[in-house]
Amino acid sequence: MDTLVDDLSQRLAQRIRLERDGRGWSLAELAERSGVSKATISKIERAEVSPTAVVLVRLASAFDLTLAGLMLRAEGEGERLSRGATQPVWRDPETGYLRRQVFSRPDHPVELVRVELPSKQAVTLPASSYAHIRQLVWVLSGSLVITEGGARHVLAAGDCLGFGPPAETTFANETNASCTYVVALARS
């Protein structure tokens, strides 16, 4: 699995550079648009550091993409059959959040992502990361607290939450056990 994580980190670095270059933006311009420092963007593009989920969302938003859209571009063209052994995996270096892209194709409106959120960890994503998608979260194991806008939802294994309009959202595991959940995304 570490090989898959390393490979996706390298592809993310290349994709971010391609997105920036394709728009003719300097590091300074991307930094201004994303709120991520030039030094950090430079290190990410050289694959010297792995970006956190929050940083990836900021960069994706600057490119007018969702996090899922940026990841999809980094992962390349998908096959109709997604084998578990080859599904791209990425780990957030800050929280240990593990993201597995179960299914994603540019010509299909639905994506499936499996996430493992370690105990006592949280990830907050801005409203902009939900601008062009509809999503739901289905908890497979553990407990997940989702704070969407001002609404707090506590989900247990088997619970499913459909998201409302785009709002800043925090995914938190407040327990001492890992939480695993599936995110289903539909592009609009």
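Trainee: How many residues sit between β6 and β7 in their hairpin?
Mentor: Two residues separate β6 from β7, and G149 in that turn has a positive phi of about 65°. Strands here are DSSP runs of E with at least two residues, helices are runs of H or I with at least four, and both are numbered from the N terminus. This is a predicted model, where local features need pLDDT of at least 70 and side-chain atom pairs 80 or more, while totals for chains, interfaces and linings use all residues. Residues are numbered from 1 along each chain as its sequence is written, and side-chain values use heavy atoms, without hydrogens and water.

Trainee: In what sense do β6 and β7 pair?
Mentor: β6 and β7 (residues 151-156) pair in the antiparallel sense over six bridges, where pairing requires DSSP to find at least two. The bridge partner of S143 is A156 in β7.

Trainee: And which residue of β9 stands opposite E148?
Mentor: That is T169, and β6 pairs with β9 (residues 169-173) in the antiparallel sense over four bridges.

Trainee: Why is β6 largely enclosed by the rest of the structure?
Mentor: Five of the six residues of β6 (residues 143-148) are buried, so the strand is largely enclosed; buried means under 20% relative accessible area, exposed over 50% and partly exposed in between, with a 1.4 Å probe and protein chains only.

Trainee: New topic: which residues of α4 are buried?
Mentor: They are A53, V55, L56, V57, L59, A60 and A62. Because seven of the 10 residues of α4 (residues 53-62) are buried, this helix is largely enclosed by the rest of the structure.
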